[in-house]
Amino acid sequence: MKRVAPLLFIVTLPLAGCQGWQSALDAQGPAASALAGMFWIFVSVLGTVWLLTMAALLLSLRRRRPAHADPLATDPRTERRMTITISIAIGLTLVTVIGLTGLSYAAQKALFSHKDGALTLMVTGQQWWWKITYEDEQPSRVFTTANEIHIPVGEPVLIKLEASDVIHSFWVPNLTGKMDAIPGRQNQLQIQADRPGVYRGQCAEFCGLQHAHMGMLIIAEAKDDFERWRSHQISSAIPPDDPERQRGMEVFLSKPCVMCHQVRGTDAGGKVAPDLTHVGSRRYIGAGTLETTRGNIAAWIIDPHGVKPGVNMPTIQLEPDEVQPLARYLEGLK
Amino acid sequence: MRTLLILTLVAFTLAACEREDREYRSNPVSAESNEKIALAPLSPGPGGPTEQRSGLGKDYEENAYHISQGQRFYVWFNCNGCHANGGGDSGPALMDDRWIYGGQIENIVQTIREGRPNGMPSFRGKIPDDQIWQIAAYIRSMGRNVPKAAAPGRKDDLSPGPAEQRRPPGEVIDGGQVSPSAQMPQ
């Protein structure tokens, strides 16, 4: 008992991984359900096959045989029994393999058949963050954000995947399987969340130094909340009204920030780094690296390479009294 | 004895693992490297004009990482808007051997930082110092004025010519013709 208890504990530990945050087995959408179902069918069928095989092997190993049997002697009755057994085994193998192939094919058809969705997103993988553009028929309703995708619950959303530098892979385990983002071509993927919630996604193709810190959030919410979020994201940044944040804005606009970042409604129009128009409304900065707090924003600006070594955000020259206003300004871009 | 030999050989292969040092984190305290580059050979008094080179240039132009970062920023900061892929457009060509304001990396850093007459803007305070050095190192690689091993081997986009690595080593001739933007009617 003393040895069994810890063993049992260790064996049951991996089961904890089946729940929650970024788990393919905690399916929250049709595509992920299809995949999780496949996983469990394969595990149970192949597990049974493995157990049966091991049992047969054990039986045959433990079987007594006569002491001086002639290896070449044949007995017609034994021969017939063996033929029947082997035929049945081959038949069962064929049924299993064909059955599983059929299942896999059916699941793939379900995965790659695209329903017409109301919402189309363009997701561009970049070293090391995700650029997200919400497409719309009206050009004035198109907007760009980064690393945080909001989707309405229960609706299919089409994602067009592209990459700007190297191959990345879009993976939100709770909602769908992986799909590569490849420079120079476009892959399409459909996601749907059946329940409201926050699901974490991650780049699943090694893409360089900070591959591990290339995360994103998918936030599935009720249609009304989503529409409210979207109309807010479309709007430009509200100009700050208190003096400290106004000073922060001046700092932002006079420093190298504007070479890469955009804040709609100001002169900052860089397009090669995350759009900061509503950065304060996002839950994380640095592609899922740090929670969005004033302290974290300041830390990220002062020493990006301490947080995420090799990131393309440079260390810039700031006077000590410029840091706080700048962090306050960015934090307030809700 | 044989084991020792094999172990030594294995240890030798390990030595090849480190190709170069990559410095991601620039010094946050120092402002900008202090270059004093004279553009004219004339100066009053004996001894010629003062020249001060910080020696940083070698660290940048012999480092493949810095050069490839420079290649990225060259497009990000719209250098190609005027200089195209190095062949020049409204700005002078960068891949030839003529350098109006000098072709050493320090001269190029100065050119980017200070700007030059007839259209080159000053990027002081807009591009951090280490990135200016990286861009300058990449520009040096366009005419293959950097070691072959450090020059970029590919581009992210379509390229009209061979990759920098495959170009023949270039030379630097200081003093060039007037820039294309200056020849246009003002």
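Visitor: Which domains does the domain assignment of chain A give?
Guide: This is a predicted model: local features need pLDDT of at least 70, side-chain atom pairs count only at pLDDT 80 or more, and totals for chains, interfaces and linings use all residues. Residues are numbered from 1 along each chain as its sequence is written, while chains are lettered from A and ligands numbered from 1 in the order in which they are written. The bounds come from an automatic or database domain assignment, and for chain A they are domain 1 (21-49 + 84-222) and domain 2 (243-331).

Visitor: How many residues does each of these domains of chain A give to the contact?
Guide: Their centres, taken over C-alpha atoms, are 31 Å apart. Two residues are in contact if their C-beta atoms, placed from the backbone, lie within 7 Å. Counted that way, domain 1 of chain A gives 16 residues and domain 2 of chain A gives 15.

Visitor: How far apart are the end C-alpha atoms of helix H3 of chain A?
Guide: H3(A) covers residues 76-112, so 37 residues. The expected span is 1.5 Å times one less than the number of residues. That predicts 54 Å, and the ends agree with it, lying apart by 54 Å.

Visitor: How many residues of H3(A) are buried?
Guide: A residue is buried with 20 or more other C-beta atoms within 10 Å of its own, exposed with 12 or fewer, and partly exposed in between, with C-beta atoms placed from the backbone. H3(A) lies largely in the open, because its number of buried residues is zero.

Visitor: Is H2(A) roughly parallel or antiparallel to H3(A)?
Guide: Axes are lines fitted to C-alpha atoms, for helices over the stretch in contact, with angles from 0 to 180 degrees between N-to-C directions. The axes of H2(A) (residues 30-62) and H3(A) come within 9 Å and cross at roughly 170°. Under 35 degrees counts as roughly parallel, over 145 as roughly antiparallel, 65 to 115 as roughly perpendicular and the rest as oblique. So H2(A) and H3(A) are roughly antiparallel.

Visitor: Which residues does Val272(A) touch?
Guide: Val272(A) sits in the loop between helix H6 (257-260) and strand S11 (284-285) of chain A. With 18 other C-beta atoms within 10 Å, Val272(A) is partly exposed. Not counting residues up to four places away in sequence, Val272(A) touches Cys260(A) and Trp76(B).

Notes: Helices (H or I, at least four residues) and strands (E, at least two) are DSSP runs, numbered from the N terminus.
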